[in-house]
Amino acid sequence: MRLDYLSIFPAYFDVLDISLVGKAAINGLVEIHAHDLRDWTHDRHRTVDDTPCGGGAGMVMKPDPWGEAFDEIIGTESDPSVHVIFPAPSGTPFTQSAAAELSSAQRIVFCCGRYEGIDHRVIDYARSMWTVHEVSLGDYVLNGGEVAALAITEAVVRLVPGFMGNPESLAEESFSAGQDGLLEYPLFTRPVSWRGLDVPEVLMSGHHGRIASWRRDESVRLTRERRPDLTDSDSSGIH
Ligand SMILES: N#Cc1c(-c2ccc3ccn(Cc4cccnc4)c3c2)n[nH]c1N
């Protein structure tokens, strides 16, 4: 899997070299390429933004640098196997199932906007050439797309076959298909007693049936408390 990042702050992605994603890069599972969008400007000030047509606050990212960067980084041929991701507050909420789908992609290009966003023609052009995803991390406002690109990268790469030492652990995580759409149950390890707080006795019983039942009950309880929106979905084990 090749991952490209287009941003006016490419140094944001240096962190990928020290993380597990960096280890995947060393193992050849992923290739990481960060690019400075300003490298595709031609004026002295390396300008990437301009005022919004129709007025309004803030600045909008000009289409020209993006188009030239696309030509050089992706090419000028249409290829639906290339996934181009535009993080945006107006995007579709990014989910674990979206991460799972992207984990089989051979090429992902992250377009990290800043200011008020990117000229919409850039997205329209990308849609005419590649598979485009306009996604949002959640209902809060960030200053740009870089943090979202990092979060999406981690969610996707950890699902790439060969990345996780123990792929079975993926099945028990919150939001994974194996969890019936339920939140993960509380976790405990040694010591059994810590600052007057004990591990639930059932977990020390060695009775696998009771342990499984306790864990499911806890997942149902937590999901009902914290994510009632998940309890109505068809994939959840609660109805
Ligand atoms: N994914 C995601 C996001 C973003 C996000 C993503 C890209 C950009 C490019 C610019 N901004 C600043 C900005 C601020 C306000 C209005 N419009 C734009 C971005 C915010 N904010 N919140 C999320 N969940």
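Author: Here is how the labels apply to this chain, one at a time. This is a predicted model, where local features need pLDDT of at least 70, side-chain atom pairs count only at pLDDT 80 or more, and totals for chains, interfaces and linings use all residues. Residues are numbered from 1 along each chain as its sequence is written, and side-chain values use heavy atoms, with hydrogens and water left out.

Reader: What makes up the secondary structure of the chain?

Author: Seven helices and nine strands. Both are DSSP runs numbered from the N terminus: helices are H or I with at least four residues, strands are E with at least two. The C-alpha atoms fill a box of roughly 70 × 40 × 40 Å along the principal axes.

Reader: Which residues of H6 are buried, and what do they pack against?

Author: Ile-211, Trp-214, Glu-218, Ser-219, Val-220, Leu-222 and Thr-223 are the buried ones. Buried means under 20% relative accessible area, exposed means over 50%, and partly exposed is in between (1.4 Å probe, protein chains only). Those H6 residues pack against helix H7 (228-231).

Reader: Why is His-83 called buried?

Author: Its relative accessible area is 18%, and the cut-off is under 20%, so His-83 counts as buried. It sits in strand E5 (residues 82-93). Leaving aside neighbours within four places in sequence, His-83 is in contact (heavy atoms within 4.5 Å) with Leu-102, Ala-105, Arg-107, Ile-108, Val-109, Thr-131 and His-133.

Reader: What makes a set of residues a nonpolar core?

Author: The members must be buried Ala, Val, Leu, Ile, Met, Phe, Trp, Tyr or Cys residues joined through side-chain atoms within 4.5 Å. The largest such core here has 26 residues, and Leu-3, Phe-94, Ile-108, Phe-110 and Val-156 have the most contacts inside it. Strand E1 (2-7), helix H1 (20-26), helix H3 (96-102), strand E6 (107-111) and H5 each supply at least two residues. H5 gives the most, with six. A second, separate core of 23 residues includes Trp-40, Ala-69, Ile-73 and Ile-123. As a general matter, nonpolar side chains tend to be buried together in soluble globular proteins.

Reader: What is Val-156 in contact with?

Author: Leaving aside neighbours within four places in sequence, Val-156 touches Met-1, Phe-94, Ala-99, Leu-102, Ser-103 and Ile-108.

Reader: How do you know that Glu-146 and Arg-114 form a salt bridge?

Author: A salt bridge needs a side-chain nitrogen of Lys or Arg within 4 Å of a carboxyl oxygen of Asp or Glu. For Glu-146 and Arg-114 the closest N and O atoms are 2.9 Å apart, so the pair passes. It links distant parts of the chain: Glu-146 is in helix H5, and Arg-114 is in the loop between E6 and helix H4 (120-129), 32 residues apart. Both count as buried, Glu-146 at 0% relative accessibility and Arg-114 at 13%.

Reader: What about Asp-64 and Lys-62: how do you know that they meet in a salt bridge?

Author: Their N to O distance is 3.9 Å, and the limit is 4 Å, so this pair passes too. Asp-64, at 46%, is partly exposed, and so is Lys-62, at 24%.

Reader: How many salt bridges does the structure hold?

Author: Ten. Arg-227 also bridges to Asp-229, with closest N and O atoms 2.8 Å apart. Arg-2, Asp-4 and Arg-107 are linked in a network of salt bridges.
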